[in-house]
Amino acid sequence: MELLVVTAQLADGPASRVLPALDLLAHSRRLVGYDVRAWGSGPDFDVVLIDARRKLIEARGACRMLRTTGLRVPMLAVVEEAGLVGVGVDWGLDDVVLADAGPAEVESRLRLATQAASAAAGASAGLINAGALSINPDTYAAKLKGRSLDLTYKEFELLKFLAQHPGRVFTRDHLLREVWGYDYFGGHRTVDVHVRRLRAKLGTEYESMIGTVRQVGYTLVLPPRAVIQPIVAEAEALLLQA
């Protein structure tokens, strides 16, 4: 299991300083600070551990900031017993674990959190999620950051196809075959027009989600995890409100 340990105490050394029981467990750990710009590099992770032993306000801000990025993995706060009173539902946590918890308890909480996340993902297996975009193929509904998109049938089918293959570049011919069918005799302009309409409906903040690769075609572009200025600004505002 890959663990991302978020702490303000980077100078204090390894992740086991945050949660000593980790030294007795075989999980990989990566230590990062509260600075959101540091979270976009490195391997993917299965669980986020937030160091909330001392800086509760900063830890709360980090938790809420991570949730705004669309984080889908479990997030646990490591707290001292006295700090439990300061942890609330507004943190967006899946669980808390005491800093002096033993390895058996820590392992159990990690396992239960990941199993619950997997079960939730399975319950919504029919949905297509790509960043802030959520598509329900059964109801032909598409939402962007919770906002419903008013799409025509072909706009929906084009967006759905791109969202099913984020990061892959498709030629106009390929998109014509997949979305319009082999018996469609329209030209490349059909694809360009629908892409232009989709971008307009996504809005100026998200129109770049449909990227153009010159002389090739189109792709659905997902932003790097958490390396987004609006999220940083929102996190700073949350810290000020805390």
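The legends below describe close-up views of a predicted model.

**View 1. Strand E4 and its two parallel neighbours.**
Strand E3 (residues 47-51) pairs with E4 in the parallel sense over 4 bridges. In this pairing Val48 stands opposite Met75. Strand E5 (residues 95-98) is also joined to E4 by 4 bridges and runs parallel. Here Leu76 has Asp95 of E5 as its bridge partner.View 2.
Ala77 is found in strand E4. Leaving aside neighbours within four places in sequence, the residues in contact with Ala77 are Ile50, Ala52, Trp91, Leu93, Asp95, Val96 and Val97. Val87 is 10 residues from Ala77 in sequence, and the two C-alpha atoms are 8.7 Å apart in space.

**View 2. Helix H1.**
Helix H1 is made of 13 residues, 56-68. From its first C-alpha to its last the helix reaches 19 Å, close to the 18 Å expected at 1.5 Å a residue. The buried residues of H1 are Ala59, Arg60, Gly61, Ala62, Cys63, Met65 and Leu66.

**View 3. The crossing of helices H3 and H4.**
Two packed helices are described by the angle between their axes and the distance between the axes. For helix H3 (residues 153-164) and helix H4 (residues 172-180), the axes come within 10 Å and cross at roughly 120°. The crossing is right-handed. H3 contributes Lys154, Glu157, Leu158, Phe161 and Leu162 to the contact, and H4 contributes His174, Leu175, Glu178, Val179 and Trp180. Of the residues in this contact, 6 are nonpolar, 1 is polar and 3 are charged.

An open sheet is formed by 3 strands in the order E10-E12-E11, with antiparallel pairing. Strand E10 (170-171) and strand E11 (210-213) are the edge strands, each pairing on one side only. Strand E12 (residues 217-220) is joined to E10 by 2 bridges, and the two run antiparallel. Thr171 has Gly217 in E12 as its bridge partner. Helix H5 (residues 188-202) lies across E11 and E12 and runs at about 140° to E11.

**View 4. Two residues with positive phi.**
Most residues other than glycine have a negative phi. Tyr140 is not a glycine, yet its phi is positive, at about 55°. Tyr140 is found in the loop between strand E7 (133-136) and strand E8 (141-144). With 47% relative accessibility, Tyr140 counts as partly exposed. Lys145, also a residue other than glycine, has a positive phi near 55°. Lys145 has its place in the loop between E8 and strand E9 (147-148). Lys145 counts as exposed because its relative accessibility is 56%, over the 50% cut-off.

Note on methods. Residues numbered from 1 in each chain as written. Predicted model: local features only at pLDDT ≥ 70, side-chain atom pairs only at ≥ 80, totals over all residues. Heavy atoms only, no water. Pairing = 2+ DSSP bridges. Contact = heavy atoms within 4.5 Å. Axes fitted to C-alpha atoms, helices over the stretch in contact; angles between N-to-C directions. Expected span 1.5 Å × (residues − 1). Buried < 20%, exposed > 50% of the residue type's maximum accessible area, 1.4 Å probe, protein only. Left-handed = near helix turned anticlockwise from the far one by under 90°. Nonpolar A, V, L, I, M, F, W, Y, C, P; charged D, E, K, R; others polar.
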